[in-house]
Amino acid sequence: MKSRFVIALLSLLAVSCSGRPRAEISDDALLDSLERLTIRYFTDYADPSTGLARERNNDTNGPIVTIGGSGFGMMAVIAGAERGYYTREYATELIGRMVTSLEGFERFHGAWAHWYNAETGQPFSFSRYDDGGDLVETAFMVQGLITARQWLQYDDFDLAERCHELWMGVEWDWYTQGTDSLYWHWSKNYGWKMNHRIKGYDETMITYVLAASSPSYPIGRDVYEASYKISPYYYNGKEYYGITLPLGMEYGGPLFFCHYSFLGLDPRGLCDAYTNYFERNRAHTLIHRAYAMDNPRGWPGLGEELWGFTSSDDPDVGYSSHHPGTSDENGTVSPTAAVSSIVYTPEESMKVIRHLWSIPGMVGPCGFYDAVNPGRTPAVLEHYLAIDQGPEAVMIENYRSGLLWRLFMSAPEIGPGLEKLGFYYENN
């Protein structure tokens with residue numbers, strides 16, 4: 001398998017450095033090469049013992065694996081098998097290793113911690129009081145587990161059933177504390193000390209969808225209405241650069257809001273009383289593009305070929321959010337932002353992909369590096385993060401085939417859960 005990836009990488013670099021006009025590379029060939037390389041983060045660069053995704057490729061804390069990023073990676077691994085980048089048997093074995101690890105990790109009323117040490121199997125604290133259950137990271141993993149269950153159910157029933165049992169074990173309703181709200185964290189050592197209600201509009205929508213869809217520990221619609229929608233940045237309705245944004249904070253916030261919940265949950269035609277979610281996410285993406293073209297702070301390089309702002313590594317402060325309207329916006333562009341938005345803005349995102357492809361040193365062994373800032377030296381931050389690589393691979397595949405959307409949406413629990421919360425699909 002690795003030899004095939006090496007061949008693909010050498011071929012990619014030969015095309016990138018050949019000096020031929022970029023137009024000679026078709027969009028599909030370019031996307032195929034980028035998807036193939038990006039998935040390597042979850043195959044060749046996965047933690048070998050657990051099969052789970054490393055939080056980052058340059059982690060100074062040791063062999064730390066990430067739960068949410070591994071959920072994204074599980075979906076990416078399925079895409080790679082369906083593309084023929086490696087065998088279905090290889091993908092099944094890798095998912096099986098991941099599931100075995102997840103079964104062995106300590107859970108907190110069914111929820112996993114944000115991070116684990118792959119060598120010890122123990123939770124690794126994300127922050128001082130965040131050493132226990134993380135319901136949002138768990139939701140990202142469950143999105144992957146449900147997708148894997150649907151993919152495996154006809155040729156590896158036992159592994160599909162193990163994915164199902166993990167999903168059934170999450171005690172979503174317990175994370176309400178008996179109130180009308182979902183809470184993000186619980187720790188054996190600190191209890192509910194963080195007291196972080198899960199409010200939107202942001203990347204956490206999938207948490208409510210799964211909590212409402214659970215056959216074992218469901219929440220009611222009242223929790224969604226009373227908690228998720230009460231945030232001061234849920235409703236918006238303003239125009240930015242002539243584009244109306246119905247939900248979300250100023251300028252929409254970081255673009256991962258458009259990605260994490262929608263890797264499996266199909267946004268095409270998804271509506272509620274307030275918005276069409278595909279159109280909302282397209283508007284959010286186009287606002288970021290318009291902001292870069294306006295470039296109010298005059299950063300070098302920003303424009304229609306270089307846009308997209310989200311949380312990623314940063315040349316100044318390490319990991320940071322760079323979205324418009326904040327002081328953190330310092331000219332850093334995160335490739336995952338525009339690449340993962342290709343489902344919403346195919347033509348606009350392809351311009352960014354082609355431009356990134358031409359930047360010296362931007363393409364590494366697992367696709368585009370995590371961030372670029374033309375005003376800094378060096379301009380390219382040669383790092384990889386699981387939560388950035390995963391959405392790129394999954395959304396490229398969803399754009400090309402809709403595969404991960406079809407698999408997740410085929411789960412019989414999801415439709416009733418969406419209906420419970422007031423969602424519907426246009427023309428259904």
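**Ground rules.** I am working with a predicted model, in which local features need pLDDT of at least 70 and side-chain atom pairs count only at pLDDT 80 or more, whereas totals for chains, interfaces and linings use all residues. Residues are numbered from 1 along each chain as its sequence is written, and side-chain values use heavy atoms, with hydrogens and water left out.

**Helix H4.** I looked up H4, which runs over residues 88-104; helices here are DSSP runs of H or I with at least four residues, numbered from the N terminus. Its 17 residues reach 24 Å from the first C-alpha to the last, close to the 24 Å expected, where the expected span is 1.5 Å times one less than the number of residues. I then listed its buried residues (buried means under 20% relative accessible area, exposed over 50%, partly exposed in between, with a 1.4 Å probe and protein chains only), and found Ala 91, Thr 92, Leu 94, Ile 95, Gly 96, Met 98, Val 99, Ser 101 and Leu 102. Their cover includes helix H3 (67-83), helix H5 (135-152) and helix H6 (157-168).

Arg 162 sits in helix H6 and is partly exposed, at a relative accessible area of 29%. Leaving aside neighbours within four places in sequence, I find Arg 162 in contact with Gly 96, Val 99, Thr 100 and Glu 103, contact being heavy atoms within 4.5 Å. I also noted that the C-alpha atoms of Arg 162 and Thr 244, 82 residues apart along the chain, are separated by 44 Å.

**Nonpolar core.** For cores I took sets of buried Ala, Val, Leu, Ile, Met, Phe, Trp, Tyr and Cys residues joined through side-chain atoms within 4.5 Å. The largest holds 129 residues, of which Ile 95, Trp 112, Leu 210, Leu 265 and Tyr 277 touch the most other members. Helix H5 gives the most to this core, with 11 residues. Apart from it lies another core, of six residues, including Tyr 240, Ala 283, Leu 286 and Ile 287. Returning to Leu 265, I find that its contacts beyond four places in sequence include Gln 143, Met 205, Trp 405 and Tyr 425.

**Gln 150.** This residue lies in helix H5 and is buried, with a relative accessible area of 7%. Not counting residues up to four places away in sequence, Gln 150 touches Leu 407, Ser 410, Ala 411 and Pro 412.

**Cavity.** I searched on a 1 Å grid over the protein atoms alone for sets of points where a 1.4 Å probe fits but cannot get out, counting as lining any residue with an atom within 4 Å of a point. The structure holds one cavity of 30 Å³ or more, and the volume of the largest cavity is about 40 Å³. Its lining consists of Leu 255, Phe 256, His 259, Tyr 260, Thr 310, Thr 336, Ala 337, Ile 387, Asp 388 and Pro 391. Helix H10 (335-340) and helix H12 (386-400) are the elements that give two or more residues to this lining, and H12 has the largest share, with three residues.

**Ala 337, from the lining.** Ala 337 is placed in helix H10 and counts as buried, at 0% relative accessibility. Not counting residues up to four places away in sequence, Ala 337 touches Leu 255, His 259, Gly 308, Phe 309 and Thr 310.

Terms used: 1 Å grid on protein atoms, 1.4 Å probe; cavity = no way out; pocket = protein on both sides within 12 Å on 5 of 7 lines; lining within 4 Å. Points joined across faces, edges and corners; volume = space filled by probe spheres on them.
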